[in-house]
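Me: I have a chain to go through. Can you take me over the fold and then one or two details?

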Amino acid sequence: MKIEHVAIWVNDLEIMREFYQTYFNCKSNNKYHNAEKKFESYFLSFDSGTRLEIMRKFGIDKKKQEDMIGWTHIAISLGSRESVNDLTARLKNDGYRLISGPRVTGDGYYESVIEDPEGNHVELTV
């Protein structure tokens, strides 16, 4: 088994698509639009085959991360400590908020955590 895709509600599809394409080399499908349901989405494909679906629907509002129960972050494996360090520095220099790291966690992971354009936590790991 494998996780085929995960999905997230977003406020701005285009900004979020650009972020994941720019920093994580995702490939995007064409936008899906259902006018009747006031719904739009993109599937963003990572090199591993896993996909992230970003979705927008009229009436869905983002809650603050600390107010939510459920998924807390997405972790993306970059393959090496150097890659974690480099992408963390690039994202920080480009104005994205660094939450923590890079560091070795108590359970032995090497990681940093940044916020995407809408404040979702993205864990960069080896």
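Me: Ground rules before we start?

Reply: In this predicted model, local features need pLDDT of at least 70 and side-chain atom pairs count only at pLDDT 80 or more, while totals for chains, interfaces and linings use all residues. Residues are numbered from 1 along each chain as its sequence is written, and side-chain values use heavy atoms, with hydrogens and water left out.

Me: What is the mean pLDDT of the chain?

Reply: The mean is 92, and 93% of the residues reach 70 or more. pLDDT is the predictor's confidence in each residue, from 0 to 100.

Me: How many helices and strands in the chain?

Reply: Two helices and nine strands, in the order β-α-β-β-β-β-β-α-β-β-β from the N terminus. These are DSSP runs numbered from the N terminus: helices are H or I with at least four residues, strands are E with at least two.

Me: Which strands make up the open sheet of four?

Reply: The order is E6-E9-E8-E7, with mixed pairing. E6 (73-77) and E7 (98-104) are the edge strands with a single partner strand each, so one side of each has no neighbour in the sheet. On average, neighbouring strands are turned by 20 degrees against each other, direction ignored. Two strands count as paired if DSSP finds at least two bridges between them.

Me: Which pairs are parallel and which antiparallel?

Reply: E6 and E9 are parallel over five bridges, with Ala 75 opposite Glu 123 in E9. E8 and E9 run antiparallel and are joined by five bridges; there, Glu 115 has His 121 in E9 as its bridge partner. E7 and E8 (residues 110-115) are antiparallel over four bridges, and Ser 100 stands opposite Val 113 in E8.

Me: What lies between E8 and E9?

Reply: The two strands form a hairpin with five residues between them, and Gly 119 in the turn has a positive phi of about 90 degrees.

Me: Is E9 mostly covered or open?

Reply: Mostly covered: four of its five residues are buried. Buried means under 20% relative accessible area, exposed over 50% and partly exposed in between, using a 1.4 Å probe and protein chains only.

Me: Where does H2 sit?

Reply: H2 (residues 81-93) lies across E7, E8 and E9 (121-125), at about 20 degrees to E8. Axes are lines fitted to C-alpha atoms, for helices over the stretch in contact, and angles run from 0 to 180 degrees between N-to-C directions. Contact means heavy atoms within 4.5 Å.
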